[in-house]
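Reader: Can you walk me through this one? I'd like to start with how the chains relate, then go into the details.

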Protein chains: 2
Amino acid sequence: VSSSPSLVPSTTADLLPSASPSPAAIAAALEDWNREMPAASVSIDPDVLRALSRDYAPLCPAGTPAALIRPSSTDEVSTALRIAHRHRIPVVPQGARTGMSGGANALDGCLLLSLERMKRILAIDTLEQTGTVQPGVVNAEFSRAVAEQGLFYPPDPSSWEFSTLGGNAATNAGGLCCVKYGVTADFVRALEVVLADGTVIRTGRSTAKGVAGYDLTRLFTGSEGTLGVITELTLSLRPAAQAPLTAVAFFPRLGAAGAAVTSFMAGGARPSLLELMDRTSIEVVSGYRDFGFPQGTEAALIAQSDAGPQAAREDLARFAECAETQDGEVVIADDPAEGRLLLEARRSVGFATERLGAFLSEDVCVPRARLVELVEGFQGIAAEYRLTTTCCGHAGDGNMHPTLVFDPDDADEVDRAHRAFDRVMELGLGLGGTITGEHGVGVLKREWLARELGPDSLRLQHGLKALFDPTGILNPGKVLTVRQP
Amino acid sequence: VSSSPSLVPSTTADLLPSASPSPAAIAAALEDWNREMPAASVSIDPDVLRALSRDYAPLCPAGTPAALIRPSSTDEVSTALRIAHRHRIPVVPQGARTGMSGGANALDGCLLLSLERMKRILAIDTLEQTGTVQPGVVNAEFSRAVAEQGLFYPPDPSSWEFSTLGGNAATNAGGLCCVKYGVTADFVRALEVVLADGTVIRTGRSTAKGVAGYDLTRLFTGSEGTLGVITELTLSLRPAAQAPLTAVAFFPRLGAAGAAVTSFMAGGARPSLLELMDRTSIEVVSGYRDFGFPQGTEAALIAQSDAGPQAAREDLARFAECAETQDGEVVIADDPAEGRLLLEARRSVGFATERLGAFLSEDVCVPRARLVELVEGFQGIAAEYRLTTTCCGHAGDGNMHPTLVFDPDDADEVDRAHRAFDRVMELGLGLGGTITGEHGVGVLKREWLARELGPDSLRLQHGLKALFDPTGILNPGKVLTVRQP
């Protein structure tokens, strides 16, 4: 793999500022942590550390952590960081480790700082329409709790049953209903953040609006633990949405599905969900359960509208028209259970793909007008590199997840996966898109980030990192390379 | 005034980094500007400079500019800044100068950099639902242009007929329909920005989603020209909204109107507008035109819903119920012209207040649960300091504009206005609010910003300023004091 021309780092060597922390520094930090923190929160069990050293990004290198701390409070996070800072131990914050870019992967000699024990919902305010939570609360648990109060927390990454709100904010996670409601950052109103040296600050406001100073909330959101550790979040909510109506369209060609998306959106549609699945995605989920996809389907679109009974029916009628013009066969799911089953099919693609082998999920987002070029271009790349692939994603946003499947023990196939990965990045940028719509940069896309941003913008990014984390202990080597280019 | 205990600066002395630029530095910069830029874009006419030295914030000091440049292109902005940077001339970027906090006020020896000639709408993309504009495009002009294409640009500050999109983004302007649609920042997808030394960068993306690197777009938005100069904006649009339905409620007490707002919003309402006007606001606009407010009204609420014909009627029925419980008298405006007239009444408060004397418009935003305490507290402060006041604002967001009227030639009254201003800030912060919901910090609220943020957060704000503007030429003394505390 080391001979690969890929821009994905293949070892942890260049992730750390210089050398890994010395055994003496680690021993001194451990002594301080054990003295100043509750015994149950610190662990150096190698099995535990190994089990927690990775997120869901298979191509990314991961190092060997020195310790794990699971704090129960902001004070404990502050203490853990203060000590790490004193001894210059790199800190990797972790939520549920469902990220796809290696952002939560361990570094040699690092502290894994898991927020999973900070999982209390602190307040749900129906008048202000906000919820205040600790970072370890699981997205689905919060979404259900606010729904019980007649409120709605839209961000719904595919991992929502497992991923935490702190992790969602740290990566600015997207999801299926972004196409109407926006991404996690659009719902983060205020944060409590522990800085690299243990200082605790609050950002944002408890009010609906506010412009007091530069927007630190938005800067921490999506910074993947490289600027600070989120210890509390105040999230904006909306009143409950109306029950969605669902339609599905089956197409004889992938490009036809893309074309239906562009014509539907260009007509001013506001679907609450618009997802695409290609033939292989359908096959892998159908191997897992019968979701009722007809034989010979090359691509399917799932659309929802929650605009209210009458308006939703009109929305889906327009969707049907756009799909049928592209030879799509449309079914409106009159039974809500049918709609839920279709969504389950879409959400199952990730898990089902896992059964085929190691896989690398892409996350390119392009302008909607270029969607067809993206999905067809990906088909071409997959053929060229002889790889099994799936292609599904948030078509309404132009945010697709072309996924490369490979056998990790087959060096040639791994190499082809690396090369194909780089080609997909190139394709996305060439179409005016971004290398990451919602998965983040992590370790996987640092080199591609530099290409997307260009040198002047990249210099400011490095400046921000140096301002917030002057000693470079916070998740070093993630998002940005350690050394400024 | 200099003996006033107010935290509003009364002279320009402490706005500049050190002394004003020397006459020699100014002369050298002028020579370079005249040589390197089109003759028609540079002016040193004292009358012109004086006319452009202020925005709409009467209590704020303004200095005497050295020159005015009105560039026609990004290249010209870059040249102007490169030369200013070389000679260390402070630069004050200006849009339509409709700001309320002195952010666009001149500094002694500064360059006024007016973006008013960069006023082309570059593109409107119906498929991607975006518009790309130069910064000098007036909000209303853009809003009408996108409406012709079936699209909708929601941000609507009261100044929308005059203020520019560049200024709106630089201040993260709010408006009347924020309560449903959010503020300007929620619609800024990408920017072209000229940095202090003339370097041109692009931030953000042309796609619906994107998480590639720290969010520079959001950092520049609302930074009031202190981090860079915006030369192009890509704005997100929505499909056209449905025609709104309007209701108005007249109340015998101000607190009753506030209570109606909180009960309406706590019920999960999503009005597209929910504005409050107090008795004096009604009186001043009624002196200007008969808007049909009944005698003896102490407060009025204007509510709109654009949820579609049937849903809007239901929304306003719930509004009527909440208002009537508080002894409000409700009228549903069945004629759209009636609705527009009510909005005109609300939008006229600023101009009408101007006829009473100098005025200082506040901009406190509090959690909705504290709205009644805010408006009643303000009434008490106005009485205590014997000042004529108006109180109106975006009640649905808890964002009110308590306004103090005073005779600028009456030193005692000016002093009382200063003291009352500080008391209102204190009141807002004490209620868990922010000192500025949408008007920005400018010169007016720098000291209050420091109090709202606290020292650790303020230190990061100063760090950001130093990172983006290391020589301190960009609108120095605005938002933050020049010297780090």
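This is a predicted model: local features need pLDDT of at least 70, side-chain atom pairs count only at pLDDT 80 or more; totals for chains, interfaces and linings use all residues.

Reader: Through which surface do the copies meet?

Author: Of the interface residues of chain B, 100% are also interface residues in chain A, so the copies meet through the same surface.

Reader: How do H16(A) and H16(B) cross?

Author: Their axes come within 10 Å and cross at roughly 150 degrees. An angle over 145 degrees counts as roughly antiparallel, so that is how H16(A) and H16(B) run relative to each other. The crossing is right-handed.

Reader: Which residues make the contact?

Author: From H16(A), they are A:Leu460, A:Gly463, A:Leu464, A:Leu467 and A:Phe468. From H16(B), they are B:Leu460, B:Gly463, B:Leu464, B:Leu467 and B:Phe468.

Reader: And by class, what does the contact of H16(A) with H16(B) have?

Author: Eight nonpolar residues, two polar and no charged ones.

Reader: What comes after H16 in chain A?

Author: A segment that holds A:Asn475. Phi of A:Asn475 is near 45 degrees, a positive value in a residue other than glycine. Most residues other than glycine have a negative phi.

Reader: Is A:Asn475 buried or exposed?

Author: Buried, with a relative accessible area of 1%.

Reader: What about phi of B:Asn475?

Author: Phi of B:Asn475 is also positive, near 45 degrees. B:Asn475 sits in the segment after helix H16 (455-468) of chain B. At 1% relative accessibility, B:Asn475 counts as buried.

Reader: Switching to packing inside one chain. At what angle do H8 and H13 of chain A pack?

Author: About 160 degrees, with the axes 8 Å apart. That makes H8(A) roughly antiparallel to H13(A). H8(A) passes H13(A) in a right-handed crossing.

Reader: Which residues touch there?

Author: H8(A) brings A:Leu254, A:Gly255, A:Gly258, A:Ala259, A:Val261 and A:Thr262. H13(A) brings A:Leu371, A:Val372, A:Val375, A:Glu376 and A:Gln379. The residues of this contact divide into six nonpolar, four polar and one charged.

Reader: Now chain B. How do the axes of H8 and H13 sit there?

Author: They come within 8 Å and cross at roughly 160 degrees. That makes H8(B) roughly antiparallel to H13(B). The crossing of H8(B) and H13(B) is right-handed.

Reader: Which residues make the contact in chain B?

Author: On H8(B), they are B:Leu254, B:Gly255, B:Gly258, B:Ala259 and B:Val261. On H13(B), they are B:Leu371, B:Val372, B:Val375, B:Glu376 and B:Gln379. By class, the contact has six nonpolar, three polar and one charged residues.

Reader: Back to chain A. Which residues of helix H9 are buried?

Author: H9 covers residues 279-286. Its buried residues are A:Thr280, A:Ser281, A:Ile282, A:Val284 and A:Val285.

Reader: What covers them?

Author: The cover includes strands E13 (273-278), E14 (299-305) and E17 (388-394) of chain A. It also includes helices H11 (336-347) and H12 (349-354) of chain A.

Reader: Next, A:Arg120. Where does A:Arg120 lie?

Author: In the loop between strand E4 (111-114) and strand E5 (121-125) of chain A. At 53% relative accessibility, A:Arg120 counts as exposed.

Reader: What does A:Arg120 touch?

Author: Not counting residues up to four places away in sequence, A:Arg120 touches A:Val133, A:Gln134 and A:Val137. A:Arg120 and A:Val137 are 17 residues apart in sequence and 6.3 Å apart in space, C-alpha to C-alpha.

Reader: Last one. Where does B:Leu30 lie?

Author: In helix H1 (residues 23-36) of chain B. B:Leu30 is buried, with a relative accessible area of 16%.

Reader: Which residues is B:Leu30 in contact with?

Author: Leaving aside its neighbours within four places in sequence, B:Leu30 is in contact with B:Val42, B:Ile44 and B:Ala67. The C-alpha atoms of B:Leu30 and B:Ala84 are separated by 9.2 Å, and these two residues are 54 residues apart along the chain.

Conventions
Residues are numbered from 1 along each chain as its sequence is written. Chains are lettered from A and ligands numbered from 1 in the order in which they are written. Side-chain values use heavy atoms; hydrogens and water are left out. Contact means heavy atoms within 4.5 Å. Buried means under 20% relative accessible area, exposed over 50%, partly exposed in between (1.4 Å probe, protein chains only). Helices (H or I, at least four residues) and strands (E, at least two) are DSSP runs, numbered from the N terminus. Axes are lines fitted to C-alpha atoms, for helices over the stretch in contact, and angles run from 0 to 180 degrees between N-to-C directions. Angles under 35 degrees count as roughly parallel, over 145 as roughly antiparallel, 65 to 115 as roughly perpendicular and the rest as oblique. A crossing is left-handed if the near helix is turned anticlockwise from the far one by less than a right angle, and right-handed if clockwise. Ala, Val, Leu, Ile, Met, Phe, Trp, Tyr, Cys and Pro count as nonpolar, Asp, Glu, Lys and Arg as charged, and the others, Gly among them, as polar.
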